[in-house]
Every structure is written in structure tokens, then in C-alpha cells.
Amino acid sequence: MLRYNPEKFASLSESDIGQRLWSFLTRAETIARLETASELGKPAVEGIEEQLLEEFREEALADRTKQMIGHMVRQIMEQRDWILDQTDVKVQSVPFSKAARYRRPDWHTFHAFRNSDDPRDVAITDRRQNAKLPPEVRWTYYATFASPLKASVAFGIRDMNKLRQHVGTHGFQRMRIQRVLRRA
């Protein structure tokens, strides 16, 4: 049973819209959408935008209501063992312009850069801005990943802790991505 501690949203959460929003957000299908968006590295609320607007229409557009939705979503996600990864992630949609992104506790966010002359030559760092990269080539941003599954499939990384240690010591991990042949 999920619990909501309204804190600064006490009066709004007790209103009709507050009660209906909590009921909507705690439905199994809504939680599945929040978690799916998070698994894809997106802010959780991106997974429920259409359903939220369909059910609440203009009621979901008030700034204070959107703030309470974010507050409620955070408590739902944390009670389901997700942790806050980043706040104020830009979202280009209606009704949200910024939202929070969540990750699993065993996930660590990394950023991959490609050698502009050889796209199979990749450097992985723990920061996107001001990343420490090998100096002899020009690097272009390629992707962000956090889940061990994405690390394994996309980059052949089998041990995220080992990668984290190497990046922590050296600032980056350089690797060659092997070409994957398609099945005939």
C-alpha cells in the first residue's frame, strides 16, 4: 500500500483533484508507465502525459497541481525502490516542461563519446559536461546510459562496478565497439 505524505501540498492533496490524482497515480497501469519511462532513461511523468490529460484535461495544467503531481510521483517511485537521478530534466510536451528522472539503486549514469574519425572508437565517462577524454582525437557526444542491460548490449560492458572504478581513477574508459552482424 503506497502512502502519500503531502507536506507543503496538504490542502491541495485533500481537495477533490488531489484525491483523484493520488488514485490515478497509484493505479497499477499508471505505476507501470512511470517505471517504463524511468527504465528508458526518461522522466517518469513522460510515461503518463496522455492518460493524465485524458483524465484530468485542463485541471492538470495548473502549476501548483503539476508540482504536486511531481511530489506524488517521487514518493511513489521511492516507495518502489527507485532513487532520484536528476531534477529539472527538460521535457518538451504538455503538461510538463521540466520533470525528475529516476533510476534503480544499482544503476550508474555514464556518457559515451565517439571518435569523430572512427565511430567504433568510444570513450565512456561519468560526466557529459567538461568530460575528461583522450586528447589526441576529436570526440562527439553519442549517448547516455545507466542500466547494466544497456551497458552490456550496446557497449559490451559486463561489470559496471569495474567500469565505475576505472572511470573514477582515469576519468574515462576507452573501448572499441565491435560490429554486430545481422542474422541472415
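**Notes on the helix packing and the cores**

1. Let's start with helix 2 and helix 4, which pack at about 145° with their axes 12 Å apart. Axes here are lines fitted to C-alpha atoms, for helices over the stretch in contact, and angles run from 0 to 180 degrees between N-to-C directions. Helices (H or I, at least four residues) and strands (E, at least two) are DSSP runs, numbered from the N terminus. Keep in mind that this is a predicted model: local features need pLDDT of at least 70, side-chain atom pairs count only at pLDDT 80 or more, and totals for chains, interfaces and linings use all residues. Residues are numbered from 1 along each chain as its sequence is written, and side-chain values use heavy atoms, with hydrogens and water left out.

2. Who meets whom in that pair? On the helix 2 side you have Ile17, Arg20, Leu21 and Phe24, and on the helix 4 side Gln51, Leu52, Glu55 and Phe56. Contact means heavy atoms within 4.5 Å. Sorted by class, this contact has five nonpolar, one polar and two charged residues.

3. Now for helix 2 against helix 5: their axes come within 11 Å and cross at roughly 40°. The two are therefore oblique to each other, a label for angles that are not under 35 degrees (roughly parallel), over 145 (roughly antiparallel) or 65 to 115 (roughly perpendicular). Helix 2 brings Ile17, Gly18, Leu21, Trp22 and Leu25, while helix 5 brings Thr65, Met68, Ile69, Met72, Val73 and Ile76. That makes nine nonpolar, two polar and no charged residues.

4. On to the largest nonpolar core, which has 30 residues, with Leu21, Leu25, Leu52, Ile69 and Val73 making the most contacts inside it. Such a core is a set of buried Ala, Val, Leu, Ile, Met, Phe, Trp, Tyr and Cys residues joined through side-chain atoms within 4.5 Å. Helices 2, 3, 4 and 5 and strand 2 each supply at least two of its residues, and helix 5 gives the largest share, six.

5. Leu25 is worth a click: not counting residues up to four places away in sequence, Leu25 touches Thr30, Ile31, Leu34, Ile48, Ile69, Met72, Val73 and Ile76. There is also a second, separate core of 13 residues, including Phe110, Ala151, Met175 and Ile177.

6. Last, have a look at His71 in helix 5. His71 is buried, at 14% relative accessible area; buried means under 20%, exposed over 50% and partly exposed in between (1.4 Å probe, protein chains only). Beyond its neighbours within four places in sequence, His71 is in contact with Tyr4, Asn5, Pro6, Glu7 and Phe9.

Methods: Nonpolar A, V, L, I, M, F, W, Y, C, P; charged D, E, K, R; others polar.
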